[in-house]
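Please take a moment to look over the sequence and the structure shown below.

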Amino acid sequence: LNLKEATIITLENNLNIKIFENFEKISDNNASILNSGFLPQINAGASLIKSNQNVEIKTPSGLEGSLDNIESDSNSANISLNFIIVDGTGRKFNYRKSKELLNKSKLEVKEVIENTIFQLYTVYFEACRLIEEQNIYKGNLEISKTRLNRKRLELEYGQSTSLEVLNAEVDFKNDSINYLNTISNLSNVKRDLNLIMNVDSEKTYDLVTDLDFLNFDELDAAYKGAQENNTSLKIDDKNIAISKNEMRATKSTYLPTIGLIGSYGWNESINDNPYAFFNKNINDGFSGGINLTWDIFNSGRKIIANKNAKINYENSKIEKERRTNLFFNELNNLYQTHTNNLYIFEVQVKNLETNKLNFERNLEQYNLGQLSSIQFRDAQLKLQRAELQKNSSKYNTKLSELALMKISGQIITKSYK
């Protein structure tokens, strides 16, 4: 499993990314013209009423009578339209605000992907580091095993002492513990890797431990373009735009609202009462007009809302300035840390070469019986320490490079193989 394959699996399966992608879909729905208030409102209604009544009648002239089971029907249907023509530009700025919220949501998805990929790379390279560390301890364990077998053989021929055999056994056991601990740590990290990729926690992979570092020109380009490409700063820009549109929309509440209204209605009334003025009545027709609504004073709520909207707008700009200062501080720290790590890694590579030569010479002298077990063990531990330091430095340098790519907004576009 190389890094590119792990990235593809993560982008397809990671649950956190899926959640924010759904948030983006919600923002997309909210930014639709159907949610803007620009379209008219159309309502339709109908009713059907039947009644059965007993009626007693008494006229001023003295006539009296009663009717039983008089039936009457009353039916109606109507359709109405309400179309706001002008609302003081409130709809326009609310619509722009919804578009900016959509753009912000897209950036938030990008930020989640960046954070997830950075987390993936961190765990992936930690697993690679432990794989190489495991190989270092395994090689060291083989050396200690060879030394232990040699001391046991020498003891049989009287060329060694029980103390030297005991020391060799202690060293072998210590190296075995280091090796087993690394195997356990590697298993845990691989499960963490599977969790990020959202696959079976016990699934195993052969990871690719080969890696390269970006050259100076690539690092310099990332550093110079960091402010322009940083996702968090882009989100801050969207927050400013959202607050500005919200302030303008709130300000528009001082202006009147003008709308068109229209309706068509049909009514039918049927009455079986012989004394009624009419037994059947049908009317239908259209009506329309223009209405104006102007909320001149609303207990001061509009004044407070506008003041608060202006404060929120100013706060969004102050927050952008604060986060920009933090950004440059972190960017410079990361850049310096990475350049230092590159230098340290070069030193560790040379230091390992020196320790390898030293160990080889000590091994020759030990095989010739010209070096004590204690001196040989010391040379062995120095080589192991140099290998571990070089291994840690290698992956620390890669992680500092990844952090620099993340803050520069290029961790997604850069290809890590």
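Predicted model: local features only at pLDDT ≥ 70, side-chain atom pairs only at ≥ 80, totals over all residues.

Asp 175 counts as buried because its relative accessibility is 1%, where buried means under 20% relative accessible area, exposed means over 50%, and partly exposed lies in between (1.4 Å probe, protein chains only). Residues are numbered from 1 along each chain as its sequence is written, and side-chain values use heavy atoms, with hydrogens and water left out.

The partner of Asp 175 is Arg 377, with which Asp 175 forms a salt bridge whose closest N and O atoms are 3.0 Å apart; a salt bridge here is a side-chain nitrogen of Lys or Arg within 4 Å of a carboxyl oxygen of Asp or Glu. Asp 175 lies in helix α4 and Arg 377 in helix α9, so this pair ties together parts that are 202 residues apart in sequence. The helices named here (H or I, at least four residues) and the strands (E, at least two) are DSSP runs, numbered from the N terminus. Arg 377 is also buried, with a relative accessible area of 10%. The pair belongs to a network of salt bridges that links Arg 147, Asp 171, Asp 175 and Arg 377, and by the rule given above the count comes to 23 salt bridges.

In helix α3, Glu 126 and Arg 129 lie 3 residues apart, about one turn of the helix, and they form a salt bridge in which the closest N and O atoms are 2.8 Å apart. Are these two residues buried or partly exposed? Glu 126 counts as partly exposed, at 27% relative accessibility, whereas Arg 129 counts as buried, at 15%. Further along, the side chains of Arg 150 and Glu 154 meet in a salt bridge of 3.0 Å, N to O. These two residues are 4 residues apart in helix α3, so about one helical turn separates them. Arg 150 is partly exposed, with a relative accessible area of 23%, while Glu 154 counts as buried at 14% relative accessibility.

Helix α4 can be checked for its length. The expected span of a helix is 1.5 Å times one less than its number of residues, so the 36 residues of α4 should span 52 Å, and this agrees with its end C-alpha atoms, which are 53 Å apart. Within α4 lies Glu 169, which is partly exposed with a relative accessible area of 23%. Glu 169 and Lys 145 are 24 residues apart in sequence, and their C-alpha atoms are 8.4 Å apart in space.

What follows just after α4? There Asn 198 takes a positive phi of about 60°, although Asn 198 is not a glycine. Most residues other than glycine have a negative phi. Asn 198 lies in the loop between α4 (162–197) and α5 (216–224), and it counts as partly exposed, at 36% relative accessibility.

We turn next to the nonpolar cores, each of which is a set of buried Ala, Val, Leu, Ile, Met, Phe, Trp, Tyr and Cys residues joined through side-chain atoms within 4.5 Å. The largest nonpolar core has 41 residues, and those with the most contacts inside it are Tyr 121, Tyr 124, Phe 125, Leu 207 and Leu 404. At least two residues of this core come from each of α1 (3–13), α3, α4, α5, α8 and α9, and α3 gives the most, with 13 residues. Another core, of 8 residues, lies apart from it, and among its members are Leu 352, Leu 371, Phe 376 and Leu 383.

Pro 60 and Gly 259 are 199 residues apart in sequence, and from C-alpha to C-alpha they are 51 Å apart in space.
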